There are 2 protein chains.
Amino acid sequence: MSKQLVFGHLNPDTDAIVAAKAFAYLQTKLGVEDVEAVALGNPNPETNYVLNHFDEPTPRVVTAVANEVDSVMLVDHNERQQSVSDIDQVTVTAVVDHHRIANFETAQPLFYRAEPVGCTSTILTKLFNENKVEIPAKLAGLMLSAIISDTLLLKSPTTTDVDREAVRELAEIADIDVESYGLEMLKAGTDLSSKTELELVDGDAKSFEMGGKTIRIGQVNTVDLDDVFSREAALVKTMEEENQKNNYDMFLLLATNILSSDSRLLVVGEPKDTVEKAFNVKLSDHNTADLPGVVSRKKQVVPPLMDAFA
Amino acid sequence: MSKQLVFGHLNPDTDAIVAAKAFAYLQTKLGVEDVEAVALGNPNPETNYVLNHFDEPTPRVVTAVANEVDSVMLVDHNERQQSVSDIDQVTVTAVVDHHRIANFETAQPLFYRAEPVGCTSTILTKLFNENKVEIPAKLAGLMLSAIISDTLLLKSPTTTDVDREAVRELAEIADIDVESYGLEMLKAGTDLSSKTELELVDGDAKSFEMGGKTIRIGQVNTVDLDDVFSREAALVKTMEEENQKNNYDMFLLLATNILSSDSRLLVVGEPKDTVEKAFNVKLSDHNTADLPGVVSRKKQVVPPLMDAFA
């Protein structure tokens with residue numbers, strides 16, 4: 001078998017970076033020789049904090065893959081528009097993911113492992129155990145960080161008992177106090193002052209096809225919503241520009257207070273009435289709406305939008 | 001959780017029927033209370049032989065599901081056109097399969113387990129082991145039959161070491177001599193004299209979208225190709241009628257000699273030159289071609305056709 005690349009989604013978050021490293025490591029332990037974990041973008045501040053903390057190198061960033069390999073493995077995503085630009089020119093041999101399946105098609109049977117849990121690294125913890133491969137302490141720390149990131153310290157409604165069990169197991173291997181480390185790590189990802197407006201709205205954004213429309217949904221975590229909304233006018237301008245440049249019909253920015261587990265939504269584009277219907281809210285004059293208790297794009301934002309667009 | 005139905009593909013083969021029973025049984029052992037294994041069609045002669053042999057009841061046949069449940073679990077298939085007619089009206093909560101992924105989309109994360117092995121029942125054997133659930137002797141016999149059926153007694157190129165290991169384990173639990181039972185079982189599925197032309201061409205057929213065309217591919221197993229091709233004119237007429245009635249662009253019938261592990265292809269519809277390109281053969285005046293060593297629709301017929309149509 002010739003070389004394969006392993007990678008998570010565009011705009012990588014901590015799970016996208018870490019799960020690629022973990023799955024690549026597992027593959028080598030299972031006898032697959034030439035695999036390299038790469039990333040489809042630079043690590044965000046939270047992920048940089050995690051990589052620094054565990055003295056782990058930053059993965060190589062690629063923007064295309066067909067020029068160097070024939071086949072790839074995907075983690076933490078499957079939808080074409082969230083993957084590398086030339087994904088249709090290579091064979092996907094394996095997927096490990098915790099999202100819905102859509103815009104994904106293969107010509108050949110493959111290994112596909114998805115579970116409705118909070119984090120890809122949780123499924124990988126199970127895969128290590130099923131295959132009786134030991135998780136090194138450093139990798140356990142990285143995978144633990146990914147679960148803390150995706151579940152906001154196990155507070156997101158995406159969190160399952162399987163995630164809690166994985167956190168317990170990984171924390172023991174890595175010898176880490178989950179609460180204190182987790183809060184430091186999440187805070188490291190919320191220093192917004194140095195970020196441009198484009199980084200704020202698009203840094204973690206994903207595209208979704210809904211009812212024939214292209215909807216871009218970004219999320220930014222903060223410990224104070226004012227850090228985001230004091231810059232509202234500039235954010236709106238950037239989102240308008242992004243819509244125009246990329247033919248998005250609508251751009252939604254979900255600003256999430258990770259301390260109170262609430263969010264405020266900022267909407268640019270149309271159809272806004274579908275957004276109001278989805279969340280049963282009235283948008284303000286500034287096209288914002290408070291969404292109390294909402295912290296998960298995947299579980300609390302995408303499904304009601306999908307329903308409203310259906 | 002309200003009741004869920006578990007089922008395999010249309011035109012069920014032994015794996016489609018058995019894997020539904022096995023996955024439903026596993027779910028109940030894992031605490032999911034109300035699940036029922038059903039089928040999207042009547043069992044074929046081979047499957048009837050298997051169910052009789054193990055004194056196992058025939059599953060209830062359904063043609064729609066949304067009238068009785070909100071969510072379902074799929075085994076041995078994922079493509080919409082191979083599933084129940086109203087699949088888009090229910091939520092798929094789980095899939096266990098060994099085919100390519102295509103024409104499949106969900107709004108929510110789900111449990112999805114696919115591996116590139118010869119049979120769904122092989123993956124289910126792993127799932128029982130991973131979850132430490134014992135396989136009863138009768139169920140082991142059924143699952144063993146499914147693997148023998150899908151891999152033609154481990155001779156198909158779809159066969160992997162994982163299938164061989166599952167057969168060894170299941171045969172021990174069920175206390176069955178694989179060779180002698182397997183040959184009896186496969187022969188029971190090849191009595192073609194009582195079958196109508198429609199049963200021969202469409203009994204095991206599946207539809208595929210390739211390059212914008214709808215391609216119907218049937219397969220019939222035999223111990224003597226003359227049993228099939230002595231009825232060629234009537235078969236062609238039936239395939240023409242089916243193409244017209246269902247808007248198929250092309251109908252391919254793969255007649256497979258399970259003793260010699262060779263096949264002969266019969267082609268009705270267009271574009272025939274794409275079929276010739278796919279298999280690097282010249283079709284005879286009767287639009288047939290011998291395919292030595294070809295026994296697997298999934299591994300040796302669909303992929304080269306996909307490539308030729310791409």
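**Where the chains meet**

I start with one pair: A:Glu105 and B:Arg100 join their side chains in a salt bridge, at 3.9 Å from N to O. By salt bridge I mean a side-chain nitrogen of Lys or Arg within 4 Å of a carboxyl oxygen of Asp or Glu.

Some ground rules before going on. This is a predicted model, in which local features need pLDDT of at least 70 and side-chain atom pairs count only at pLDDT 80 or more, while totals for chains, interfaces and linings use all residues. Residues are numbered from 1 along each chain as its sequence is written, chains are lettered from A and ligands numbered from 1 in the order in which they are written, and side-chain values use heavy atoms, with hydrogens and water left out.

Back to the interface. How many salt bridges does the rule find across the interface of chain B and chain A? It finds two. There are also six residue pairs in polar contact across this interface, both residues being at pLDDT 80 or more. A polar contact is a pair of N or O atoms within 3.5 Å; within protein, one must be able to donate a hydrogen and the other to accept it, and residues adjacent in sequence count only if both atoms are side-chain atoms.

On the chain B side, strand E5 (111-114) and helix H11 (297-309) each supply at least two of the residues that touch chain A. Helices (H or I, at least four residues) and strands (E, at least two) are DSSP runs, numbered from the N terminus. E5(B) gives the most to that side, with four residues. Sorted by class, the side of chain B that touches chain A holds twelve nonpolar, five polar and six charged residues. Here Ala, Val, Leu, Ile, Met, Phe, Trp, Tyr, Cys and Pro count as nonpolar, Asp, Glu, Lys and Arg as charged, and the others, Gly among them, as polar.

In total, 23 residues from chain B and 23 residues from chain A take part in the contact, where contact means heavy atoms within 4.5 Å. The buried area between the two chains is about 2100 Å², and carbon and sulfur atoms give 59% of it. Buried area is the accessible area (1.4 Å probe) that two parts lose on being put together, summed over both.

**A sheet across both chains**

Which strand of chain A is joined to E5(B)? Strand E6 (residues 111-114) of chain A is, by three bridges, and the two run antiparallel. Within this pairing, A:Tyr112 stands opposite B:Ala114. Two strands pair if DSSP finds at least two bridges between them.

The open sheet has eleven strands, in the order E3(A)-E2(A)-E1(A)-E4(A)-E5(A)-E6(A)-E5(B)-E4(B)-E3(B)-E1(B)-E2(B), with mixed pairing. Strand E3 (60-61) of chain A and strand E2 (35-37) of chain B stand at the edges with a single partner strand each, so one side of each has no neighbour in the sheet. At the chain B end, strand E1 (residues 4-7) is joined to E2(B) by three bridges, running parallel, and B:Leu5 has B:Glu36 as its bridge partner.

Strand E6 of chain A has a further link. A:Arg113 forms a salt bridge with A:Glu130, with the closest N and O atoms 2.7 Å apart. A:Arg113 lies in strand E6 and A:Glu130 in helix H3 (residues 120-130) of chain A, so the pair ties together parts that are 17 residues apart in sequence. Over all chains the count comes to 44 salt bridges.

**A second sheet, in chain B**

Chain B also has an open sheet of five strands, in the order E6-E7-E8-E9-E10, again with mixed pairing. Its edge strands are E6 (206-210) and E10 (288-291), each pairing on one side only. Strand E7 (residues 213-222) and strand E8 (residues 250-257) of chain B pair in the parallel sense over eight bridges, and B:Val220 stands opposite B:Ala255.

**Peptide bonds to note**

Is the bond from B:Glu270 to B:Pro271 cis or trans? It is cis, with omega near 5°. B:Pro271 lies in the loop between strand E9 (262-269) and helix H10 (272-279) of chain B. In chain A, a cis peptide bond joins A:Glu270 and A:Pro271, with omega about 5°.
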